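Please read them with the structure open beside you.

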Amino acid sequence: MKKRMITLLALSLMLTACGREAEREGATEPVMEETTEAIQIEPVIEETPEPVPTEQPKKVSWSLDWSDDESYILAKIAMAEAEGEDTEGKALVILVVLNRVWDDSFPNTIKEVVMQENQFSPVANGRYDRVEPDSDCLDALELVMNGWDKSEGAMYFESRSLSTWHQRNLRYLFKHGNHYFYKEKEVSDEKKVSD
């Protein structure tokens with residue numbers, strides 16, 4: 001497209017130049033002379049301004065690139081939250097953490113998400129500090145790193161308790177093992193409840 005515009009611009013300039021030459025010589029119509037030299041037109045290069053950095057770095061959506069320390073945190077929260085669950089159950093806990101990292105409503109890093117106050121009960125009650133990930137947690141981490149994701153975008157989970165907060169405030173997705181998985185209600189979900 002740019003090449004075509006440059007060619008049309010060159011043709012227009014040639015016709016204008018021929019018309020001026022003809023006017024000087026007294027001709028009534030512009031005369032186009034054959035020329036053997038090619039007209040070279042340099043393309044105009046516009047500089048684009050550098051983006052201005054924002055205060056907070058944007059999240060890289062769906063990045064599976066994290067450090068060894070972050071891998072350890074993911075395996076450790078899987079152990080603390082889902083020690084009695086199967087490999088996929090542990091992977092689902094890891095994915096809840098990652099889904100939060102990838103969502104603008106939560107902190108930007110794995111560590112900040114896991115350590116966020118009142119979000120994961122093993123962090124609050126000290127269990128997280130006492131456990132070490134087993135080989136099944138590492139298998140769950142590898143499963144996620146290889147692209148496995150059956151989380152349906154879940155950002156919350158619970159074992160059934162006396163609290164009904166999750167059920168009242170979130171959209172239920174599915175049950176896996178002893179955990180129930182949820183995500184934020186969408187506007188259409190809230191409207192259906194109020195209708």
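1. The average pLDDT of the chain is 76, with 60% of the residues scoring at least 70. Over residues 52–61 the pLDDT is below 50, although this stretch has twelve contacts in the model beyond near neighbours in sequence. Residues 191–195 also stay under 50, and for them the model has one contact beyond four places in sequence. Where pLDDT is low, the predicted coordinates should not be read in detail.

2. As to the overall layout, the chain holds nine helices and three strands, which follow one another along the sequence in the pattern α-α-α-α-α-α-α-β-α-β-β-α. Of the 195 residues in the chain, 33% are buried. Among contacts with a separation of 6 or more, 60% are between residues 24 or more positions apart.

3. Four salt bridges are found in the whole structure, and one of them joins the side chains of Glu-132 and Lys-76 at 3.6 Å, N to O. Because Glu-132 lies in the loop between helix 6 (127–130) and helix 7 while Lys-76 belongs to helix 2 (residues 68–82), this pair ties together parts that are 56 residues apart in sequence. Glu-132 is partly exposed, at 48% relative accessibility, whereas Lys-76 is buried, with a relative accessible area of 6%. Lys-76 also lies over the face of Tyr-128, at 5.3 Å from the ring centre.

4. A salt bridge is also formed by the side chains of Arg-127 and Glu-83, at 2.5 Å from N to O. It links distant parts of the chain, with Arg-127 in helix 6 and Glu-83 in the loop between helix 2 and helix 3, 44 residues apart.

5. Which parts of the chain do Asp-136 and Lys-90 tie together? Their side chains meet in a salt bridge at 3.0 Å, N to O, and Asp-136 lies in helix 7 and Lys-90 in helix 3, so the bridge spans 46 residues of sequence.

6. The structure holds six aromatic pairs. The ring centres of Phe-106 and Tyr-156 are 6.1 Å apart and their planes stand at 65°, so this pair is edge-to-face. Phe-106 is in the loop between helix 3 (87–101) and helix 4 (110–115) and Tyr-156 is in strand 1 (residues 156–158), so that the pair links distant parts of the chain, 50 residues apart. Both residues are buried, and Arg-100 lies over the face of Tyr-156, at 4.8 Å from the ring centre.

7. The rings of Tyr-172 and Tyr-180 make a tilted pair, because their centres are 6.4 Å apart and their planes are at 45°. Tyr-172 is partly exposed, at 41% relative accessible area, while Tyr-180 is buried, at 17%. Elsewhere, ring pairs link Phe-120, Phe-157, Phe-174 and Phe-181 into a cluster.

8. Lys-183, in strand 3 (residues 179–184), deserves a separate comment. This lysine is buried yet has no salt bridge, and the nearest side chain of opposite charge, that of Glu-186, is 4.6 Å away; the limit for a salt bridge is 4 Å. Leaving aside neighbours within four places in sequence, the contacts of Lys-183 include Glu-152, Met-155, Tyr-156 and Arg-171.

9. Is Lys-150 buried or exposed? Lys-150, in the loop between helix 7 (135–145) and strand 1, counts as exposed, at 52% relative accessibility. Not counting residues up to four places away in sequence, Lys-150 touches Leu-92, Leu-95 and Phe-174. Lys-150 and Leu-92 are 58 residues apart in sequence, with their C-alpha atoms 7.4 Å apart in space.

Terms used: Residues are numbered from 1 along each chain as its sequence is written. This is a predicted model: local features need pLDDT of at least 70, side-chain atom pairs count only at pLDDT 80 or more; totals for chains, interfaces and linings use all residues. Side-chain values use heavy atoms; hydrogens and water are left out. Helices (H or I, at least four residues) and strands (E, at least two) are DSSP runs, numbered from the N terminus. Buried means under 20% relative accessible area, exposed over 50%, partly exposed in between (1.4 Å probe, protein chains only). Lys and Arg count as positive and Asp and Glu as negative; His and the chain ends are not counted. Contact means heavy atoms within 4.5 Å. pLDDT is the predictor's confidence in each residue, from 0 to 100. Rings of Phe, Tyr and Trp (its six-membered ring) pair if their centres lie within 6.5 Å; planes under 30 degrees apart count as stacked, over 60 as edge-to-face and the rest as tilted. A charge sits over a ring if NZ of Lys or CZ of Arg is within 6 Å of the ring centre and within 35 degrees of the ring normal.
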